[in-house]
Amino acid sequence: MATSLQNLSSYDSSNFIDISDKRFGLVVAEWNREITDVLSAGAYETLLKHGAVAKNIYRNTVPGSFELTLGAQLLAQHEEIDAVICLGVVIQGETKHDDYINHAVAQGITHVGLKYNKPVIFGLVTTNTLEQALDRAGGKHGNKGVEAAVAAIQMLGF
Ligand code: DLZ
């Protein structure tokens, strides 16, 4: 699946700081991996495009989106890490699992960001269908991994 960076132009990146010495942690859920890999590639390429150095980008996987919170905490606790980007895809099913996971991740990573006083970005794609998720991973609605990386960079300049 092709990775799209085309949506990036819709962001004002003029106030981005120099991120060549910043260290980023990507936490990527393995559920729906064909999609989360595209999100991850989008985030990675965006960080590089804006001046991050490849050796300063750490990527760890977790089994599913529910584990993004702990994954984020394990990265954020390192002083050297400046920002964490959480990437996952939760698709609505017959049960309420999506509700539980989405709320837990939203609350969990908010807590981690506040606890460690650093950006912990919510790059969770939450959709009703697989098609809607694909649309947001290099499809007609861009790539949410790109947006998550842009959010991390913006917050570092805050
Ligand atoms: C169990 C589960 C289900 C049903 N759906 C998803 C999903 O759509 N996206 C996702 O990232 N993870 C899902 N998981 C796995 C949970 O996030 C978690 O890994 C398990 O419940 C183990 O804690």
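Start by selecting strand S1 (residues 24-29) and strand S3 (residues 83-91) in this predicted model. The two strands run parallel and are joined by five bridges. For a closer look at the pairing, pick Gly25, whose bridge partner in S3 is Val84. Then move along to Val27, which stands opposite Cys86 in S3.

Stay with S1 and show its side chains. In a regular strand the side chains alternate between the two faces of the sheet. Here, Phe24, Leu26 and Val28 point one way from S1, while Gly25, Val27 and Ala29 point the other way. Are these residues buried or exposed? All are buried. Because six of the six residues of S1 are buried, the strand is largely enclosed by the rest of the structure. The cut-off behind that word is 20 or more other C-beta atoms within 10 Å of the residue's own.

Next, select strand S2 (57-62). S2 pairs with S1 in the parallel sense, over six bridges. Click on Phe24 again and look across to Ile57, its bridge partner in S2. Now follow the chain between these two strands: from S1 the path goes through H1 to S2, and this β-α-β crossover is right-handed.

Time to show the whole sheet. Four strands form an open sheet with parallel pairing, and their order is S2-S1-S3-S4. The edges are strand S2 and strand S4 (120-127), each of which pairs on one side only. On average, neighbouring strands of this sheet are turned by 15° against each other, with direction ignored.

For the last stop, select His97. UniProt, in an unreviewed entry, places the feature "active site" at this residue; such annotations may be inferred rather than shown by experiment. His97 is found in helix H3, which covers residues 97-116. How many other C-beta atoms lie within 10 Å of His97? There are 15, and a residue counts as buried at 20 or more and as exposed at 12 or fewer, so His97 is partly exposed. Compare that with where you began: the residues of S1 are buried.

How values were computed
Residues numbered from 1 in each chain as written. Predicted model: local features only at pLDDT ≥ 70, side-chain atom pairs only at ≥ 80, totals over all residues. Pairing = 2+ DSSP bridges. Axes fitted to C-alpha atoms, helices over the stretch in contact; angles between N-to-C directions. Right-handed = clockwise from strand over helix to strand, strands pointing away.
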